[in-house]
Amino acid sequence: LADDMGLGKTLQVLYFLEWYAQRGANNKPCIIVSPVSLLQNWKNEYQKFFDSPSYEVDVLKSIDVPRDFVDEDLLTKLQTKRLILTNYETFRNCQLTFAAVSYGVVIIDEAQKIKTPNTQITTSIKAVDDKADFKIAMTGTPVENTLIDIWSIIDFIFPGLLFSAKTFHSKFQKPIERDENKEEVIDILKQRMGQLYSRRKKEEVVADKLKRKDIVTIMCPITET
């Protein structure tokens with residue numbers, strides 16, 4: 001989910017989680033991994049928009065989860081129907097426990113955090129590939145530096161869909177960067193990702209509803225004091 005910032009990715013995902021919970025398919029927990037600064041916002045938005053939320057919410061930081069071993073009591077608690085909120089650093093540091101849980105849905109917010117393959121954060125997130133029934137990556141900036149960014153994110157969602165990083169580089173990244181049949185290669189890449197990748201931009205959705213932006217420049221001379 002790669003919509004521009006401000007188009008409601010958080011609320012879309014929360015409504016999906018409620019729909020998923022109300023289907024009653026299983027009693028597995030769901031987990032949202034996000035930057036630490038956004039954890040409280042996730043909790044607040046969930047409590048604000050749902051009067052009778054289906055999930056009990058647990059916000060877990062590194063102090064709450066052991067690093068070097070699996071706490072069986074904690075694991076038993078986590079393996080119940082609940083919404084777990086944690087940050088990337090905690091997930092990385094406490095990977096043993098998080099990877100021992102079977103999830104209904106795994107969601108990563110600001111997914112560009114795993115844009116670089118083989119970092120500790122990226123490998124810890126991808127370690128739960130086979131532990132989730134469904135996965136969602138959220139980011140308003142799917143490509144920050146190079147196309148390998150989006151390869152790494154999609155590889156979390158659907159491992160192997162865009163081939164290996166080396167093959168992706170030769171088939172897509174290099175031709176696009178060198179402007180070799182660029183438009184054709186981009187079309188092939190979009191077709192390959194298909195419905196796994198959804199991106200809306202503000203100018204496509206709400207541009208006609210926004211007020212005109214007026215820029216006013218005010219000169220402020222520096223005072224002696």
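**Surface, fold and helix packing**

Tutor: The accessible surface of the chain comes to about 13,100 Å², and 50% of that belongs to carbon and sulfur atoms. Keep in mind that this is a predicted model.

Student: What share of the residues counts as buried?

Tutor: Of the 225 residues in the chain, 41% are classed as buried.

Student: And how many helices and strands are there?

Tutor: The chain has 10 helices and five strands. Its C-alpha atoms fill a box of roughly 60 × 55 × 45 Å along the principal axes.

Student: What about contacts across the sequence: what percentage join residues at least 24 apart?

Tutor: That is 75%, counted among contacts between residues at least 6 apart in sequence.

Student: On to packing. At what angle do H1 and H2 cross?

Tutor: Roughly 60 degrees, with the axes of H1 (residues 9–23) and H2 (residues 39–49) coming within 10 Å. The two helices are therefore oblique to each other. The crossing of H1 past H2 is right-handed.

Student: Which residues meet there?

Tutor: From H1, Thr 10, Leu 11, Val 13, Leu 14, Tyr 15 and Glu 18; from H2, Trp 42, Glu 45, Tyr 46 and Phe 49. By class, this contact of H1 with H2 has seven nonpolar residues, one polar and two charged.

Student: Staying in H2, is Leu 39 buried or exposed?

Tutor: Leu 39, which lies in helix H2, is buried because its relative accessible area is 3%, and the cut-off for buried is under 20%.

Student: Which residues does Leu 39 touch, leaving aside neighbours within four places in sequence?

Tutor: Leu 39 is in contact with Ser 34, Val 59, Leu 85, Thr 86 and Asn 87.

Student: Change of topic: H7 and H8. What is the crossing angle?

Tutor: Helix H7 (residues 148–157) and helix H8 (residues 165–177) cross at roughly 130 degrees, and their axes come within 10 Å. That angle makes H7 oblique to H8.

Student: Left-handed or right-handed?

Tutor: H7 passes H8 in a right-handed crossing.

Student: Which side chains or backbones are involved, by residue?

Tutor: Ile 148, Ile 150 and Trp 151 in H7 meet Ala 165, Phe 168 and Gln 173 in H8. The residues of this contact of H7 with H8 are five nonpolar, one polar and no charged.

Notes. Residues numbered from 1 in each chain as written. Predicted model: local features only at pLDDT ≥ 70, side-chain atom pairs only at ≥ 80, totals over all residues. Heavy atoms only, no water. Axes fitted to C-alpha atoms, helices over the stretch in contact; angles between N-to-C directions. Helix = DSSP H or I, 4+ residues; strand = E, 2+ residues; numbered from the N terminus. Parallel < 35°, antiparallel > 145°, perpendicular 65-115°, else oblique. Left-handed = near helix turned anticlockwise from the far one by under 90°. Contact = heavy atoms within 4.5 Å. Nonpolar A, V, L, I, M, F, W, Y, C, P; charged D, E, K, R; others polar. Buried < 20%, exposed > 50% of the residue type's maximum accessible area, 1.4 Å probe, protein only. Areas by Shrake-Rupley, 256 points an atom, 1.4 Å probe, with all protein chains shown as cover.
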